[in-house]
Amino acid sequence: MSETLENLLQETRQFPPPPELAASANVKEDAYAEADADRLAFWEKQARRLTWFKEWDQVLDWSNPPFAKWFIGGQLNIAYNCLDRHVEAGIGDRVAIHWEGEPGDTRTLTYSDLLTETKKAANALLELGVSEGDRVAIYMPMIPEAAVAMLACARIGATHSVVFGGFSVDALRGRIQDADAKLVITADGGYRRGAPSALKPTVDEAVADCPSVEKVLVVRRTGQDVAWSSKDVWWHDTVGNASGDHVAPALDSEHPLFILYTSGTTAKPKGILHTTGGYLTQASYTHWAVFDLKPESDVYWCTADIGWVTGHSYIVYGPLSNGATQVMYEGTPDTPHKGRFWELIEKYRVTILYTAPTAIRTFAKWGDDIPAQFDLSSLRLLGSVGEPINPEAWMWYREHIGGNRTPIVDTWWQTETGAIMISPLPGVTACKPGSAMRPLPGISAEVVNEEGKPTGGGYLALTQPWPSMLRTIWGDDDRFIETYWSRFREQGFYFAGDGAKRDEDGAVWLLGRVDDVMLVSGHNISTTEVESALVAHQAVAEAAVVGATDPTTGQAIVAFVILRGGADVSTNELRDHVAKTLGPICKPRQIQIVAELPKTRSGKIMRRLLRNIAEKKELGDTTTLQDATVMTLISEGMKTSTED
Ligand code: WT7
């Protein structure tokens, strides 16, 4: 077996599901065998969890790869599946959203409330001239209207393109133009870090160069002053006065539901296109299966922003299609204090929490004593998404948030996959800290080498089409083929761009982006493994590792490390610790203690920028960076640090 990527970290801890959870789990062990026996029949069964206006004639059309079609001939309406059918089933009084504003104001929306709002918004969009197939850009804070806007688009068959509310004028303008959006839905602003943060001026500036935009629909959230043009209309006038009667039309299974742009570090963002029937089938099934959702009793909370795919699939479409009750929070985790998340969990008796490793490591850095002040005993299941979770961060999450009781589902997926692909099933899987474990039932993934052959350490490939797969890159089929389907053209596999290993039990360990892999004296070493070794040291809260050009070893490992509050340790001790854990080949040439790491707005470490610092190059493009001042601080520190 040829290894493309070294396998260095050995993890032997294992946590079987709690017996009560296993006994009553939505999905049991037999699901894997069922899906293996007949994958398409398995997905047909999951599609039947939804309400279709017309049943499909064919499950999958893969006659023209990589362009897939799922549930061909089927017709449904996503908003109907998320709202109307629950109200018709008599659960209209169930709370859909417990919304909490950052300043502490609250709103409670039942399924009936959400349905009425969505019907009114749908009618308002129609009155504003939006029709089936048009694109609508959504640039909103985390308020219920953001979900309503998405659902209203889905209801009338307009394709939404949500742009994260933290993005700049340039990013917004480029996305509006690429999709030729006819309408922009926004707000005056939202609350962030204790103050109103304006959105409308950014929209005004962007829209000035977007001739396709006919109207701008504005929610009043903060009440701050806004400039007003002839294109602008208030949500409370337009939606507020619209009729609450609207019958959801039947839309084709392959109708374009949304475009979501993935940042892409340097190149033009890619407009990932998702469609209707297959997308909702997998988003809905995975939300129910992976989170073991019991809609009558669970209170679910996904802390993502709706500007990311996690917000699309696991705040809006997955949970609402399943009739879940959820918490939605507007602000940041440190406002007005660093216990805000735990306070909300205590207040709403949250049972399922879904968050990101970057947040978990930040909470660990802030200190164990903060969550300890709150009653977190309602939690029964925890989830993680967005990056590899280091084993020690996983252990911290389990102990300090999950009270050593709750399973953790480490869910691997991408904007492109639309829904979760690799994850434990909480009632079945004995979880290993740091591993996403196995492809879900109905999903086929392999770890392969350059030749596309299964291997212990190499590239993650998806070997069969899946219902919620991206259909193309908006307006650029060639780039779609080139980016995802050319590396393993012969095999017909989807190339995910991630490194991974598979252990002797078949568990999958994600090892970071392939572009970040370091080549040290002929060994391919993953950034994730070295970072995990560093985070395993009790003094370290967070670490980012890069390969910098080195005259003797090709590349040498340079680490940037954030210490836990109050910790004191020498960089030499940390270098020795890594060498002891992973072997001398992995001993970092240099370790730099830093206060912050450069991250994207979705919390991913930008290793490219750190590599430039390590190689003392120009920084390059920092526009997608969350906080650009971080870089100056790190490079200043680098100049004064002593290399040993
Ligand atoms: C990339 C996709 C999926 C929603 C949020 C991110 C990394 C994501 C995991 C995980 C290891 C993960 C991968 C992937 N990633 N989840 N559980 N373990 N890595 O969506 O912005 O499209 O990013 O995030 O590198 O390719 P995205």
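Predicted model: local features only at pLDDT ≥ 70, side-chain atom pairs only at ≥ 80, totals over all residues.

Trainee: Great. What is the strand order in the open sheet of eight strands?

Mentor: The order runs S12-S11-S8-S6-S7-S14-S15-S23, and the pairing is mixed. Strand S12 (232–234) and strand S23 (472–473) are at the edges with a single partner strand each, so one side of each has no neighbour in the sheet.

Trainee: In which sense do S11 and S12 pair?

Mentor: Parallel: strand S11 (residues 215–219) pairs with S12 over three bridges. Valine 218 sits opposite tryptophan 234 in S12.

Trainee: And the open sheet of four strands, what's its order?

Mentor: That one goes S21-S22-S24-S25, with antiparallel pairing. From one strand to the next, the twist averages 45°.

Trainee: How many bridges join S22 to S24?

Mentor: Five, between strand S22 (residues 457–462) and strand S24 (residues 494–502), running antiparallel. Leucine 462 has tyrosine 494 in S24 as its bridge partner. Helix H17 (residues 527–535) packs on this sheet and touches S24 and S25, with its direction at about 105° to that of S25.

Trainee: Hairpins next. How many residues lie between S9 and S10?

Mentor: Two residues, and in that turn arginine 193 has a positive phi of about 50°. Strand S9 (residues 189–192) and strand S10 (residues 195–198) pair antiparallel over four bridges, and glycine 190 has serine 197 in S10 as its bridge partner.

Trainee: Let's switch to helices. At what angle do H10 and H11 cross?

Mentor: Roughly 85°, with the axes of helix H10 (residues 277–290) and helix H11 (residues 309–321) coming within 8 Å. H10 and H11 therefore count as roughly perpendicular to each other. On the H10 side, the contact includes Tyr279, Leu280 and Ala283, while H11 brings residues including His312, Tyr317 and Pro319. By class, this contact of H10 with H11 has six nonpolar, seven polar and no charged residues.

Trainee: Now the inside. Which residues touch the most other members of the largest nonpolar core?

Mentor: Ile185, Phe291 and Tyr317, in a core of 133 residues. Helix H6 (residues 144–156) gives the largest share of this core, 10 residues.

Trainee: What does tyrosine 317 touch?

Mentor: Leaving aside residues up to four places away in sequence, tyrosine 317 touches, among others, Ile78, Met150, Leu151, Ala154, Leu257 and Tyr279. There is also a second, separate core of 30 residues, with Trp342, Tyr348, Leu353 and Tyr397 among its members.

Trainee: How far is leucine 76 from tryptophan 52?

Mentor: They are 24 residues apart in sequence, while their C-alpha atoms are 4.7 Å apart in space. Beyond four places away in sequence, the residues leucine 76 touches include Leu50, Trp52, Phe53, Pro249, Leu251 and Thr276.

Technical notes: Residues numbered from 1 in each chain as written. Heavy atoms only, no water. Pairing = 2+ DSSP bridges. Core = buried A, V, L, I, M, F, W, Y, C linked by side-chain atoms within 4.5 Å. Buried < 20%, exposed > 50% of the residue type's maximum accessible area, 1.4 Å probe, protein only. Contact = heavy atoms within 4.5 Å. Axes fitted to C-alpha atoms, helices over the stretch in contact; angles between N-to-C directions. Parallel < 35°, antiparallel > 145°, perpendicular 65-115°, else oblique. Nonpolar A, V, L, I, M, F, W, Y, C, P; charged D, E, K, R; others polar.
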